[in-house]
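Please keep the sequence and the coordinates in view while reading.

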Amino acid sequence: MAGTGKSTISRTIARELAEKKRLAASFFFTRGKKDISHSRKFFTTIAAQLAISLPVLRVSISDAIDNNADIFKQGLREQWSQLILNPLKNAPTQSIQLIVVIDALDECDSMQDIQLILLLLAEAKDLATVRIKIFLTSRPEIPIFDGFRQLSGEAYQDFILHNIPLDTVNADISTFFQRKLSPLKAKYRLGTPWPDEQIIEQLVERAAGLFIYAATTLRFIQDGIDGPEEPLSLVLSATKSSLSATEHLDGIYATLLQHSVLGKRSYQECVGRFRQVVGSIVVMFNTMPARNLAQLLQIPFKMVSSTLDSLRSVLNVPEDESQPVRLFHLSFRDFLQDSQRCSDPRFQVDEKERHASLFRKCMEHISQLQENICNLWGPGVLITEIPDDTIQQSIPPHVQYACRYWLDHWRLGDLLALGGDLAGDLGTIRQFLEQDFLHWLEGLSLIGEVSNGAQMIIALEEILSVSCNAHYLI
């Protein structure tokens with residue numbers, strides 16, 4: 001399945017299957033969100049859920065782990081075979097058909113892993129004892145198409161959302177606008193009819209079959225300070241009806257940015273805040289609450305809060321400040337990172353520049369770590385004996401993020417290739433290795449990320465080994 005709205009559909013299906021006790025397992029990939037942005041815990045998560053939904057598999061899965069203690073570190077093929085396929089083959093015959101729901105496979109960060117996952121999942125069609133079907137959603141990207149081309153036609157059926165007749169989609173979008181805009185008429189005592197049929201038709205025409213356009217437009221109209229009429233007028237005058245669906249979406253993004261951001265701040269203030277705050281959210285590997293984001297970026301919370309408040313049409317900013325801020329839709333990130341789509345340079349996000357900046361912020365936070373940061377009472381204390389509140393207070397979320405992702409930001413900032421303050425950055429890493437390394441390892445162990453730390457050091461050594469500047473650190 002491909003197309004806009006796939007995540008909403010898959011979550012609805014998963015919920016309904018769970019209510020009917022037919023959901024075997026589910027996994028929702030989300031780019032930039034820690035363990036669900038890659039495949040390393042994909043099959044282990046599916047296996048754990050299968051052991052719950054199919055109790056007859058528990059012994060087989062447990063035996064597979066006992067016989068191969070490092071299975072969690074092995075490749076996808078070994079995990080699939082030992083934890084899932086073999087237990088399913090050896091299970092007693094089941095009469096009920098169960099469903100595995102996998103959402104947004106295209107958001108897995110490895111193209112090779114995507115294609116391998118598709119090949120491995122296709123082996124489930126040959127199971128004789130347990131009837132398993134897999135419901136998978138994805139955007140129609142080349143690695144996905146290539147992966148399916150390697151499968152036999154009988155292994156899968158595809159359903160492409162954008163192949164639904166446009167009249168059907170437009171009818172749904174029309175109903176959406178009518179129902180969501182009608183309450184504004186009473187709230188602001190607007191004339192009748194409002195919105196009239198002509199307005200609804202123009203909005204539907206501009207949506208061009210994209211529900212994300214409809215949802216973003218609605219939020220923009222609802223967020224009008226003096227009522228919905230001005231933002232509605234801006235929407236209708238912003239783009240021509242003859243544009244493509246993507247051009248209409250880009251148009252609404254450009255309109256709301258110019259109205260919500262430029263309309264309230266000076267040029268320099270706008271550019272600085274937007275790129276620093278929103279640009280960071282766009283490239284970060286995990287979401288976090290606004291207050292923690294301010295701490296990570298080392299800027300006043302009020303600056304972050306005011307920037308986010310003006311962009312609630314495209315950013316999910318929870319009223320509960322303990323909840324993370326996130327993008328409503330990845331198309332906004334794609335828009336900001338594409339200079340062809342985002343023609344206003346004031347809003348373009350330079351991905352490499354943002355990663356480089358975040359790397360430096362991360363290293364500053366890591367340099368503040370200290371020995372025995374949780375003030376433990378002895379060297380033999382188990383992690384399970386340390387209250388979670390103690391860890392969170394000693395190593396707050398923004399510092400945890402810095403410990404976990406500093407190398408990823410440095411790598412994607414491409415500093416070795418681009419230059420810039422290369423000597424300074426290499427000096428920062430050298431200082432980290434000489435002064436902060438043990439404190440960093442202690443921090444990782446306290447937050448349960450020490451295995452990732454080992455992988456990061458291996459990756460750092462590989463990065464530096466191919467650089468002519470590697471001798472600077474040795």
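Asn-372 is partly exposed, with a relative accessible area of 29%, where buried means under 20% relative accessible area, exposed means over 50%, and partly exposed lies in between (1.4 Å probe, protein chains only). Its place is in the loop between H16 and helix H17 (388–394), helices (H or I, at least four residues) and strands (E, at least two) being DSSP runs numbered from the N terminus. Phi of Asn-372 is positive, near 50°, in a residue other than glycine. Lys-21, likewise not a glycine, has a positive phi of about 60°; Lys-21 is exposed, with a relative accessible area of 69%, and lies in the loop between helix H1 (6–19) and strand S1 (23–28).

The model is predicted, so that local features need pLDDT of at least 70 and side-chain atom pairs count only at pLDDT 80 or more, while totals for chains, interfaces and linings use all residues. Residues are numbered from 1 along each chain as its sequence is written, and side-chain values use heavy atoms, with hydrogens and water left out.

## The chain as a whole

The chain has 21 helices and five strands, and buried residues make up 46% of its 474 residues. Of the contacts (heavy atoms within 4.5 Å) with a separation of 6 or more, 74% are between residues 24 or more positions apart. The chain exposes about 23,800 Å², of which carbon and sulfur atoms supply 51%; accessible areas come from the Shrake-Rupley method with a 1.4 Å probe, and for residues only the protein chains shown count as cover.

Helix H7 (residues 166–187) has 22 residues and should span 32 Å at 1.5 Å a residue, which agrees with the 32 Å between its end C-alpha atoms; the expected span is 1.5 Å times one less than the number of residues. The buried residues of H7 are Val-169, Ile-173, Ser-174, Phe-177, Leu-181 and Leu-184, and they pack against helix H8 (197–207) and helix H9 (211–222). H7 is followed by Arg-189, whose phi is positive, near 55°.

Ile-366 is in helix H16 (residues 351–366) and is buried, with a relative accessible area of 0%. Leaving aside residues up to four places away in sequence, Ile-366 touches Ala-402, Cys-403, Trp-406, Phe-432, Asp-436 and Trp-440. Ile-366 and Gln-400 are 34 residues apart in sequence, with their C-alpha atoms 9.0 Å apart in space.

The structure holds one cavity of 30 Å³ or more, a cavity being a set of points, on a 1 Å grid over the protein atoms alone, where a 1.4 Å probe fits but cannot get out. About 100 Å³ of space lies in the largest cavity; grid points are joined across faces, edges and corners, and the volume is the space filled by probe spheres set on the points. Of the 13 residues lining the largest cavity (those with an atom within 4 Å of a point), the closest to its centre are Ile-46, Trp-80, Ile-84, Val-100 and Ile-132.

Helix H2 (42–53), helix H4 (76–89), strand S2 (97–103) and strand S3 (131–136) are the elements that give two or more residues to this lining, and the largest share, four residues, comes from H2. The lining residues divide into 13 nonpolar, no polar and no charged, where Ala, Val, Leu, Ile, Met, Phe, Trp, Tyr, Cys and Pro count as nonpolar, Asp, Glu, Lys and Arg as charged, and the others, Gly among them, as polar.

Technical notes: 1 Å grid on protein atoms, 1.4 Å probe; cavity = no way out; pocket = protein on both sides within 12 Å on 5 of 7 lines; lining within 4 Å.
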